[in-house]
Amino acid sequence: MVRLKTLTRVLVAFVLAVPLALATTSSAYATSRPTGGLVDFGCATHGQLHCLGKAIKSPKGPGPNVVSTPVGYGPAEIRSAYGLSGLHGSGRTVAIVDAMDAPTAEKDLATYRSARGLSPCTTANGCFRKVNQHGAASPLPKPDYGWAEEISLDLDAVSATCPDCHILLVEADSPDTDPLMTAVDTAAATPGVVAISNSYGGAEDSTIKAADAHLNHPGIAITASSGDAGYGVSWPASSPYVTAVGGTTLTKSVATTRGWSETTWSGSGSGCSALEPKPAWQHDTACAKRTVADVSAVADPKTGLGVYDTYNSCGGGTTCDLMLQLGLAQGADGWVQVGGTSLSSPVVASIYALAGNSVTAGSQPYAHPGELFDVTSGTNGKCGGSYLCTAGPGYDGPTGLGTPHGAGAF
């Protein structure tokens, strides 16, 4: 049997011997694409849509920084930053729609909630359910390491924001539009569901307007991530039937009575749709069609949520952790600090659940802009200095009307 230290030396020597340009194009790095200190989840993307999560990159290599103890923000920080103290979900259900299966989802959720001091949310106690796109417990889709990390992010974000909400995880057969929209319809038809989060997106094309019908569920809040590539529009965030959620960098601040400050996260998607009509409740003037986003919340992975995920290709343990960080294995094996608008979407969906209102598309915040924290600084790209990519007082593309200040806007 090879001793652990010897195997570790072999792994390190191997990685040092492989040119980085070659390493990052090999299949071993499929879920570890570094982007400026961040790593894309690398969700299966053979379909139109892809997940919108990123992890902090390991200092040891091109993979995620996997650690054994909680990192990043947790429930205390999320609820403090957005003024959620004293608000309760009262058993309302937030549905999470993702593609593919996360085999360790319930087990990992249990570890997260225990570590963060939250009550159990399990199948046994009726708090958690995992179903396929048709609402059945089996058969489940094929597992995927990247989508499993996305699922962990979504489940932990709901737990952090609304600890007493129930959670329904609906797993689509693939990241194609039709399966994901079937999963949205299934979530909307499930009794008790008041909000549905969609942490994925793709380019607008000729098919999206027909697919919009699956997002039209009056009375249920449907949120969608605005994107993680900066200025530019993705769907389903551009659908007029959803609340498009942009992203911010959230930091503690002793200079404000709130105790927190926010600026635009540079990766937050925004802009003017080329295809979707402008909703009646949206009134900005530089875009004749649908403008993204409506509201925003924390998304910068550098000020992101700590999540727990153990679905990986190397079996767990110290050697596995090193392989993951070196980019020689896929998935995660413990705590990872993550973000992207994949984080802001379930946060806002959970605040809709805390509010408990019957809503129509994304109109609710526009009727209550004073109940939001206005984000007035930062940009996500170049658009001639327009509000479509530059934050300022009032409405802007990257952060919408602002971030939650309690649940009054929802």
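Q: Where is the place of Pro-236 in this fold?
A: In this predicted model, Pro-236 sits in the loop that runs between strand S10 (221-225) and strand S11 (243-252).

Q: And what is the peptide bond from Trp-235 to Pro-236, cis or trans?
A: The bond that joins Trp-235 to Pro-236 is cis, and its omega is near 15°.

Q: What about the bond from Ser-138 to Pro-139, cis or trans?
A: That peptide bond, leading from Ser-138 into Pro-139, is cis as well, with an omega near -5°.

Q: Where is Pro-139 found, then?
A: Pro-139 belongs to the loop between strand S6 (128-132) and helix H5 (145-161).

Q: Switching to backbone angles, what is phi of Ser-90?
A: For Ser-90 phi is near 50°, which is a positive value in a residue other than glycine; the residue lies in the loop that connects helix H3 (75-81) with strand S5 (93-99).

Q: Is Ser-90 buried or exposed?
A: Ser-90 counts as exposed, because its relative accessibility is 59% and the cut-off for exposed is over 50%.

Q: Okay, and what phi does Met-100 have?
A: Met-100 is not a glycine either, yet its phi is positive, at about 70°.

Q: Which loop is Met-100 found in, and is it buried or exposed?
A: Met-100 is in the loop between S5 and helix H4 (105-115), and Met-100 counts as buried because its relative accessibility is 5%, where buried means under 20%.

Definitions and conventions
Residues numbered from 1 in each chain as written. Predicted model: local features only at pLDDT ≥ 70, side-chain atom pairs only at ≥ 80, totals over all residues. Heavy atoms only, no water. Helix = DSSP H or I, 4+ residues; strand = E, 2+ residues; numbered from the N terminus. Buried < 20%, exposed > 50% of the residue type's maximum accessible area, 1.4 Å probe, protein only.
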